[in-house]
Amino acid sequence: MTPPPETAVKRRPLLARPVEGLGRLLTNFLSEFGAHLLLLFRTLRSCCWPPFRIRLTLRQMEIFGFNSIPVVLITGGFTGAVLALQTFTSFKRFNAETMIGGVIAVTLLRELGPVLTGLIVAGRAGSAMAAEIGTMNVTEQIDALNVLATDPVNYLVVPRFLAGTVMMPMLSTLFSAIGMVGSYVISVSVLGTNPVTYMRQMWWFIEGEDIYTGLIKACVFGVIISIVGSYQGFITQGGAEGVGRSTTRAVVLASTFILIFNYILTALLL
Amino acid sequence: MAVGITITDLHKSFGANHVLRGVDLSVEQGESLVVIGGSGSGKSVLIKHIIGLLKPDRGSIEVNGQEVTTMAERELKELRKKFGMLFQAAALFDSLTVGENVAFPLVEHTRARRSEIAERVRETLTLVGLPDTEHLYPAELSGGMKKRVGLARALAMEPEVILYDEPTTGLDPIMADAINDLIVEMRERLAITSIAITHDMVSAYKIGHRLAMLYQGEIIFTGTPQECKNTDDPMVRQFITGSSVGPITSV
């Protein structure tokens with residue numbers, strides 16, 4: 001006779017529970033990641049086949065890119081300004097204040113531009129994607145698309161994916177540019193750096209590699225935001241509460257993936 | 001040509017919940033079948049299988065002799081062009097206007113010119129009794145109007161089969177009757193095969209040539225509305241008279 005489940009639980013080795021939990025966490029993460037990859041492959045395949053939805057894509061570009069400009073300008077400008085303050089005080093300790101223009105530019109182009117833009121846009125556009133597709137899902141609009149013989153991936157995901165991939169590098173560039181302006185303004189007007197030295201240092205410092213690694217990162221983050229946002233929308237269940245949950249998950253997951261992939265890409269691209 | 005549908009031994013579980021336990025049902029060409037049953041009896045699940053939105057665990061569904069359950073996505077897409085479906089809450093695309101909603105399948109699947117599509121949209125909206133509403137958004141419509149627009153969208157492609165998911169649920173009795181009239185009109189005028197699921201008996205008697213009752217994942221009764229009214233089956237009797245006393249217990 002098999003023992004009742006209570007005794008079975010008691011007899012398990014001490015570490016079983018935490019190891020089991022860790023294993024479950026890992027398998028959950030991997031299957032979730034795999035599901036996102038599958039959606040990405042379906043999206044890529046669907047990109048190559050008609051119908052090509054130019055109007056919808058432009059509309060998504062407006063939502064994803066154009067509407068994100070104000071928040072990117074504000075964050076970028078202040079990030080640059082803070083960097084100027086921080087870098088100036090630390091660099092002053094070994095009389096390297098003249099270098100700050102270059103250092104800040106490289107920091108922005110390679111790291112802060114793509115990563116901070118990615119995190120901001122994940123909060124803005126990624127959550128909106130999850131909420132919109134999630135609402136369509138719980139109100140049977142996704143079923144309706146299927147019944148009307150229209151592929152939801154082609155109709156909903158492809159335009160968002162293209163918009164994300166194209167607009168993220170642009171937003172990231174804008175972030176870095178406005179960040180440089182912010183740091184220049186603070187360095188010159190508040191910290192009294194010589195404007196000519198600042199600019200010369202900056203141009204001398206920046207290399208082509210700094211620019212393109214930043215753009216590649218931004219592109220990948222655009223893919224992450226659009227795919228995670230769409231996927232979370234598609235798996236939404238259970239009414240308004242479900243939509244809220246998916247929206248949160250989309251932001252958390254996209255941000256996590258962005259930070260993980262930022263490390264991987266940095267290691268690969270260095 | 002209208003379409004006949006045969007369902008044999010259909011099973012579907014969601015986790016531990018065994019929703020469909022061997023459904024056998026057939027609909028002839030041009031026939032209007034109404035599936036009745038309580039909430040949670042699996043009516044919606046059944047209808048979603050017919051159009052391939054859900055895959056069964058076991059069993060077969062044949063539409064015009066073609067097996068639906070094993071179809072590839074591309075074949076399903078072709079099959080779905082013959083179907084129209086009215087969803088419970090209409091499922092209109094809320095980012096599109098009424099006109100764009102009705103035009104949606106035409107824009108997607110035909111090469112018709114814009115003027116032809118506009119003309120067809122106008123005709124279809126007139127047919128469901130909502131002329132000159134093209135420019136409105138779904139959020140501006142009442143529940144009954146949404147259902148009519150949903151019906152117009154389902155009819156736009158001149159389908160051979162229409163599936164109605166609770167066409168009268170959530171409507172006032174007069175609006176419900178108007179929708180019933182509309183469904184009967186579609187049935188008579190366009191000779192479309194139709195399957196409706198409902199728990200509204202007034203509607204079921206009115207729109208169905210034949211009624212089938214789904215209970216605990218199986219079809220326990222089929223017959224004409226008259227046979228349904230005269231049946232001795234205690235479960236059917238309890239359901240059609242709407243009594244809480246009987247073999248069916250509300251959980």
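Author: Happy to. Over all chains the count comes to 24 salt bridges, a salt bridge being a side-chain nitrogen of Lys or Arg within 4 Å of a carboxyl oxygen of Asp or Glu. One of them joins the side chains of Arg53(A) and Glu108(B), with 2.7 Å from N to O. This pair crosses between chains: Arg53(A) sits in the loop between α2 and α3 of chain A, and Glu108(B) in helix α3 (residues 98-109) of chain B. Helices (H or I, at least four residues) and strands (E, at least two) are DSSP runs, numbered from the N terminus.

Before going on, a word on conventions. The model is predicted, with pLDDT of at least 70 needed for local features and 80 or more for side-chain atom pairs, while totals for chains, interfaces and linings use all residues; side-chain values use heavy atoms, leaving out hydrogens and water. Residues are numbered from 1 along each chain as its sequence is written, chains are lettered from A and ligands numbered from 1 in the order in which they are written.

Now to the interface as a whole. Chain A brings 14 residues to the contact and chain B brings 21 residues, where contact means heavy atoms within 4.5 Å. About 1600 Å² is buried between chain A and chain B, and carbon and sulfur atoms give 57% of that area. Buried area here is the accessible area (1.4 Å probe) that two parts lose on being put together, summed over both. The rule finds 3 salt bridges across the interface of chain A and chain B. Between these chains there are also 7 residue pairs in polar contact, both residues at pLDDT 80 or more. A polar contact is a pair of N or O atoms within 3.5 Å; within protein, one must be able to donate a hydrogen and the other to accept it, and residues adjacent in sequence count only if both atoms are side-chain atoms. On the side of chain A that touches chain B, helix α6 (residues 141-147) of chain A supplies the largest share, 6 residues. The residues of that side divide into 7 nonpolar, 4 polar and 3 charged; Ala, Val, Leu, Ile, Met, Phe, Trp, Tyr, Cys and Pro count as nonpolar, Asp, Glu, Lys and Arg as charged, and the others, Gly among them, as polar.

Two backbone details in chain A are worth a stop. Most residues other than glycine have a negative phi, and most peptide bonds are trans. Pro50(A) and Pro51(A), however, are joined by a cis peptide bond, with omega about 0°. Pro51(A) lies in the loop between α2 (16-47) and α3 (54-64) of chain A. Glu140(A), in the loop between α5 (100-138) and α6 of chain A, has a positive phi near 65°.

Two strands pair if DSSP finds at least two bridges between them. Axes are lines fitted to C-alpha atoms, for helices over the stretch in contact, and angles run from 0 to 180 degrees between N-to-C directions.

Chain B also has an open sheet of 4 strands, β2-β1-β4-β5, with antiparallel pairing. Here β2 (17-27) and β5 (66-67) of chain B each have a single partner strand, so one side of each is left without a neighbour in the sheet. Strand β4 (residues 58-63) of chain B pairs with β5(B) over 2 bridges, with Glu62(B) opposite Glu67(B). Helix α1 (residues 43-50) of chain B packs on the sheet against β1 (5-14), β2 and β4 of chain B, at about 120° to the direction of β1(B). In the hairpin of β4(B) and β5(B), with 2 residues between the strands, Asn64(B) takes a positive phi near 55°.
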